Structures are given as C-alpha cells and as structure tokens.
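Welcome, and thanks for taking a look at this one with us.

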Amino acid sequence: MALIGRLFVILLGFLAACLVAGMIVVGAVLFPEFSDLGAGPVDQGVLNIMLGFGFIFISGFALLPAMIVAAITEAFYIRGALTYAVGGGLVGLACYLGLVPFDPDTLRFEGIVRRHLEIMTGAGIVAGLVYWMIAGRNAGAWREPQRPLTPPPPLPSHSRPPAP
C-alpha cells in the first residue's frame, strides 16, 4: 500500500516539476522581453495558453528521462537535493538535444542554439529541485518498515478506570 501512495507522490512531483519547467521555458524563449520592466502588461489569455502548451511540451519530452532518474533515486535511496538538481539538468539537456538534428557522419549535433540549451538545462535544474521538494526528500522511504506505535503512558494510580 505504501508503494501505491509513493507512486502518486512521484506523479504529483513530476507534474509540478513539468509545470515549473514549462513556465521557465515559455517565459525565457517566447517572451525574452520580460527582462525589460517597461514593456507593459502581457495579455493573460495568451500567457495561459502558452503555459499550457509549455507544460504539455515539457512533460511529453521529459517523461522517459525523468522516470529513469526517479527510478534510480528510489532504488538507491538517494535523497540529496544536489542529485536531483544535476539529474534535472541532465533531463533538460536530453530534452533539448532530442530536438536538435544529429549528423551521424560527423557525430555532431547541428544547429545548437546556446541560449536555448542554457534555458532548457536551467529549467531542468529548477524542475529537479521542485521534484525534490515534493517527492525526492523521501526517496525509498516506502521500503522502510513502519515504526511500531508507542503505547500511551500509564494512568496515574489515583485515577478511576475508564467506564465500559
């Protein structure tokens, strides 16, 4: 039963991490003018649609690499925040390189945009930390046996016994 509950926590952590990574990618790639504070307000409807597409995009591409990282950390009881940040960065890197064409003759990726690579890797790092806050801090805890409940302290000698 603890494993089923743990799977729900992992899924919740993954979805929250994808939402945060999607917000970072959409904000950094599609709206680079956000760094200019005098740009004015952004249409809320457009922003909601773009965040939804960013979430779907990130969750679709990151599912397999993120589940591999989650399985490794659950299997080996790895609970360090730095591990999840590095794992998230690797997942972001893998997601970006999965979109870039690879030339097998020269064994090189063609057309890498350094800014986009940095954005995806940074979004992966932040997503890894969000996942750690939700699910990673207790990785592998479902395997540990539950501690027995401690009995309540004895009643004082001058108290009455409870009524049946």
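**Helix packing at a glance**

α2 and α3 run roughly antiparallel to each other, because the angle between them is over 145°. This is a predicted model, and in it the two helices pack at an angle of about 155°, with their axes 9 Å apart.

**α2 with α3**

- The crossing of these two helices is right-handed.
- On the α2 side (the helix covers residues 44-75), the contact is made by Phe61, Ala62, Pro65, Ala66, Val69 and Thr73.
- Their partners in α3 are Thr83, Tyr84, Gly87, Val91 and Cys95.
- Sorted by type, the residues of this contact are eight nonpolar and three polar, with no charged ones.

**α3 with α4**

- Helix α3 (residues 81-97) and helix α4 (residues 114-134) have axes that come within 6 Å and cross at roughly 140°.
- That angle makes α3 oblique to α4, and the crossing is right-handed.
- From α3, the residues taking part are Ala81, Tyr84, Ala85, Gly88, Gly89, Gly92, Leu93, Cys95 and Tyr96.
- They meet His116, Leu117, Met120, Thr121, Gly124, Ile125, Gly128, Leu129, Tyr131 and Trp132 in α4.
- This contact has twelve nonpolar residues and seven polar ones, and no charged residue takes part.

**A closer look at α4**

- Buried in α4 are Ile119, Met120, Ala123, Gly124, Ala127, Gly128, Val130 and Tyr131.
- Those buried residues pack against α1 (2-30), α2 and α3.

**Phenylalanine 76 in the loop**

- Between α2 and α3 there is a loop, and phenylalanine 76 lies in it.
- Is phenylalanine 76 buried or exposed? Its relative accessible area is 60%, so phenylalanine 76 counts as exposed, the cut-off being over 50%.
- Which residue has its C-alpha atom 7.2 Å from that of phenylalanine 76? The residue is glycine 140, which lies 64 residues away along the chain.

Terms used. Residues numbered from 1 in each chain as written. Predicted model: local features only at pLDDT ≥ 70, side-chain atom pairs only at ≥ 80, totals over all residues. Heavy atoms only, no water. Axes fitted to C-alpha atoms, helices over the stretch in contact; angles between N-to-C directions. Helix = DSSP H or I, 4+ residues; strand = E, 2+ residues; numbered from the N terminus. Parallel < 35°, antiparallel > 145°, perpendicular 65-115°, else oblique. Left-handed = near helix turned anticlockwise from the far one by under 90°. Contact = heavy atoms within 4.5 Å. Nonpolar A, V, L, I, M, F, W, Y, C, P; charged D, E, K, R; others polar. Buried < 20%, exposed > 50% of the residue type's maximum accessible area, 1.4 Å probe, protein only.
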